Amino acid sequence: MSRQANRGTESKKMSSELFTLTYGALVTQLCKDYENDEDVNKQLDKMGYNIGVRLIEDFLARSNVGRCHDFRETADVIAKVAFKMYLGITPSITNWSPAGDEFSLILENNPLVDFVELPDNHSSLIYSNLLCGVLRGALEMVQMAVEAKFVQDTLKGDGVTEIRMRFIRRIEDNLPAGEE
Amino acid sequence: MEMLEDPETGKKQREGRRYLSRAANIDKAGPPPNLPGSGACHESPEKEGGASPKHQWKREWAGSRLGIGGGACPAGPMRTLGAERLLGTGGRRMADVVLFEFLHTEMVAELWAQDPDPGPGGQKVSLSVLEGMGFRVGQALGERLPRETLAFREELDVLKFLCKDVWAAVFQKQMDSLRTNHQGTYVLQDNSFPLLIRMASGLQYLEEAPKFLAFTCGLLRGTLSTLGIKSLVTASVAALPACKFQVVIQRS
């Protein structure tokens, strides 16, 4: 069996329940390990980042999307291709800023929070913060520095879950020192 | 692959027992058991039968390559559910398996990095944390099983269910073989364990392999627990990506 686990464009699917349950166990463990919610949020973001920088390679290998020419295309690809491929949902894209550098992803259903309730003493926990890290890490690998953050969360009583994406700048390739 | 008939005539201990007890509340789970000192990890060569006296080791299962729920199913009371019915996945949202794999890898990295004590004591703590997380998930998975799966006639059927339906639902493949000494010890073998495949093949990273098995050991233990069976699950790797999970039933 090849070590590369080449699957071509075919993807294996499983019920998202296992991912959801595992994620829940992870957040629970982090809450035990770290004293306050802020640290847990940071840790989730960092772990998400590490996942994102690897996930993008998997995504590019399997999705056959070409280079995005602007942030609008990027938004479309994220919502209609990436989320669909990995989580089986298609968030909608709304609230574009006039400059075209910010938009919102609206998730009617967030698979990560199935069966989850936030206890009262964790009101500042951003439960799904892993997602923000994933988005940030993945986009950084395609030369985009972005900020992703939750502005609405069904876990906190909002009607939908909303992630606000903001384009910061293009990341230029850094040449190694000594090369021009 | 040939299927061996299960010639069980009388399982004195388990006759007529029904595995209906469920963990009602995940938080009631006890602490994970201490993993044995040797860890039963990356031992090579692995001794079949371990510490048990010389009993006949019976090969109860040779995994079917014909697909989930199809093909070689032994004659007997086992129900073939198919992975689609496990977890009620029919019509539910599907996720890509890489997500779980990446999340698992990141969890291992995270929980390992946290431990300030790099010695053997520290290692065991991290392994048991991962095992404990797997246990919670296994319990939760077990609770989502359809009702009729809970009426297993024999302990062996439960293990076959793990090898076939649970493994297929979680890893999209069946376990490759199941052996038992009929004294409460089972060895489940997976020749290409999905969480090890990306790492290496052969002896490279043998030292790292136990970290990537701890969660799954807990998962098995947790699912068994929901099905009413108390067990101790350890894993060993002789050469990646093949590994063996040893399930020892704890009789109270």
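Contact here means heavy atoms within 4.5 Å. On that basis, 44 residues of chain A touch 39 residues of chain B. This is a predicted model, where local features need pLDDT of at least 70 and side-chain atom pairs count only at pLDDT 80 or more, while totals for chains, interfaces and linings use all residues. Residues are numbered from 1 along each chain as its sequence is written, chains are lettered from A in the order in which they are written, and side-chain values use heavy atoms, with hydrogens and water left out.

**Buried area**
- Putting chain A and chain B together buries about 3800 Å², with 64% of it on carbon and sulfur atoms; that's the accessible area (1.4 Å probe) lost, summed over both parts.

**Salt bridges**
- The rule picks out 4 salt bridges across the interface of chain A and chain B, each a side-chain nitrogen of Lys or Arg within 4 Å of a carboxyl oxygen of Asp or Glu.
- A:Arg54 makes a salt bridge with B:Glu106, and their closest N and O atoms sit 2.9 Å apart.

**What chain A brings**
- Strand S1 (13-15) and helices H1 (16-33), H2 (37-63) and H3 (71-87) of chain A each give two or more residues to the side that touches chain B; helices are DSSP runs of H or I with at least four residues, and strands are runs of E with at least two.
- H1(A) gives the most to that side, with 14 residues.

**Strand pairing**
- S1(A) pairs with strand S2 (residues 94-96) of chain B in the antiparallel sense, over 3 bridges; pairing takes at least two DSSP bridges between two strands.
- Opposite A:Lys13 stands B:Asp96 in S2(B).

Definitions and conventions
Buried area is the accessible area (1.4 Å probe) that two parts lose on being put together, summed over both.
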